[in-house]
Amino acid sequence: MSLLSWGISRVLTGVVVMMWLLAGSVPAAGESYALGYDMIGQAEKVLKQAAANSPKWHNRQDSIERDVYDITYLLEQAWKAAETSNDAAMKDYAQQALTLLQRAVMRGHFDADKIEPVFTLIRQLLPNVSA
């Protein structure tokens, strides 16, 4: 292995590790699907924890669970679109996820501070939109 290819390999490994640690950025085309689904899984976990801590959890559990499911589904679809380089679909799904998430926060289903990692993921999908 040449020094150059070794260096490139180390840099790529570092990028993947950083993305894993940040769990908030969209990997470049061709990277493992697993990394993306781990980020979606982390987003779902954050939403579920925030939902369970919501003061409205006992009265609105079905509605809050539906929000978690729908937001996670939309993020997964955005991720799939990003993997296939379908930028328009990715942005559309991410925007739908953002709209639903903002609506759920306004209803008191989630504390905005507790779901910041989800907003961070959406910001990566929609860099020109403030989330």
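Which residues does Ile115 touch, not counting residues up to four places away in sequence? I started my notebook with that one. My list for Ile115 reads Val46, Leu47, Ala50, Leu101, Val105 and Phe110. A reminder to myself before going on: this is a predicted model.

**Entry 1**

I looked up where Ile115 sits, and it is in the loop between helix 4 and helix 5. Is Ile115 buried or exposed? Its relative accessible area is 0%, so Ile115 counts as buried, the cut-off being under 20%. I also checked Ile115 against Val105, one of the residues it touches. The two are ten residues apart in sequence, and their C-alpha atoms are 9.3 Å apart in space.

**Entry 1: the whole chain**

Next I stepped back for the overview. I found five helices and zero strands, and along the sequence the pattern reads α-α-α-α-α. The chain has 131 residues, and 35% of them are buried. I then looked at contacts with a separation of 6 or more: 62% of those join residues 24 or more positions apart.

**Entry 2: helix 4 against helix 5**

Helix 4 covers residues 87–106 and helix 5 covers residues 116–125. I noted a packing angle of about 150° and axes 9 Å apart. An angle over 145 degrees counts as roughly antiparallel, so helix 4 and helix 5 get that label. Their crossing is left-handed.

Which residues of helix 5 meet helix 4? I wrote down Val118, Phe119, Ile122 and Leu125. On the helix 4 side the list is Met90, Lys91, Ala94, Ala97, Leu98, Leu101, Gln102 and Val105. Sorted by class, this contact has ten nonpolar residues, one polar and one charged. Leu101 and Val105 were already in my notes, as residues that Ile115 touches.

**Entry 3: helix 3 against helix 4**

Helix 3 and helix 4 pack at about 160°, with 7 Å between their axes. That makes helix 3 roughly antiparallel to helix 4, and the crossing is left-handed.

From helix 3 I listed Asp67, Asp70, Ile71, Leu74, Leu75, Gln77, Ala78, Ala81 and Ala82. They meet Ala89, Met90, Tyr93, Ala94, Gln96, Ala97, Leu100, Leu101 and Ala104 in helix 4. The classes here come to 14 nonpolar, two polar and two charged residues. I spotted some helix 4 names that also face helix 5, among them Met90, Ala94, Ala97 and Leu101.

Which residue has a positive phi although it is not a glycine? I found Ser85, with a phi of about 60°. I noted this because most residues other than glycine have a negative phi. Ser85 is in the loop between helix 3 and helix 4. Ser85 has a relative accessible area of 59%, so I put it down as exposed.

**Entry 4: an aromatic pair**

Last, I went looking for aromatic pairs, and the structure holds one. The partners are Tyr69 and Tyr73, stacked, with 6.5 Å from centre to centre and 15° between the planes. Both are in helix 3, which spans residues 57–83, and they are four residues apart, about one turn of the helix.

How accessible are they? Tyr69 comes out at 48% relative accessible area and Tyr73 at 38%. Exposed would need over 50% and buried under 20%, so both tyrosines go down as partly exposed.

Methods. Residues are numbered from 1 along each chain as its sequence is written. This is a predicted model: local features need pLDDT of at least 70, side-chain atom pairs count only at pLDDT 80 or more; totals for chains, interfaces and linings use all residues. Side-chain values use heavy atoms; hydrogens and water are left out. Axes are lines fitted to C-alpha atoms, for helices over the stretch in contact, and angles run from 0 to 180 degrees between N-to-C directions. Helices (H or I, at least four residues) and strands (E, at least two) are DSSP runs, numbered from the N terminus. Angles under 35 degrees count as roughly parallel, over 145 as roughly antiparallel, 65 to 115 as roughly perpendicular and the rest as oblique. A crossing is left-handed if the near helix is turned anticlockwise from the far one by less than a right angle, and right-handed if clockwise. Contact means heavy atoms within 4.5 Å. Ala, Val, Leu, Ile, Met, Phe, Trp, Tyr, Cys and Pro count as nonpolar, Asp, Glu, Lys and Arg as charged, and the others, Gly among them, as polar. Buried means under 20% relative accessible area, exposed over 50%, partly exposed in between (1.4 Å probe, protein chains only). Rings of Phe, Tyr and Trp (its six-membered ring) pair if their centres lie within 6.5 Å; planes under 30 degrees apart count as stacked, over 60 as edge-to-face and the rest as tilted.
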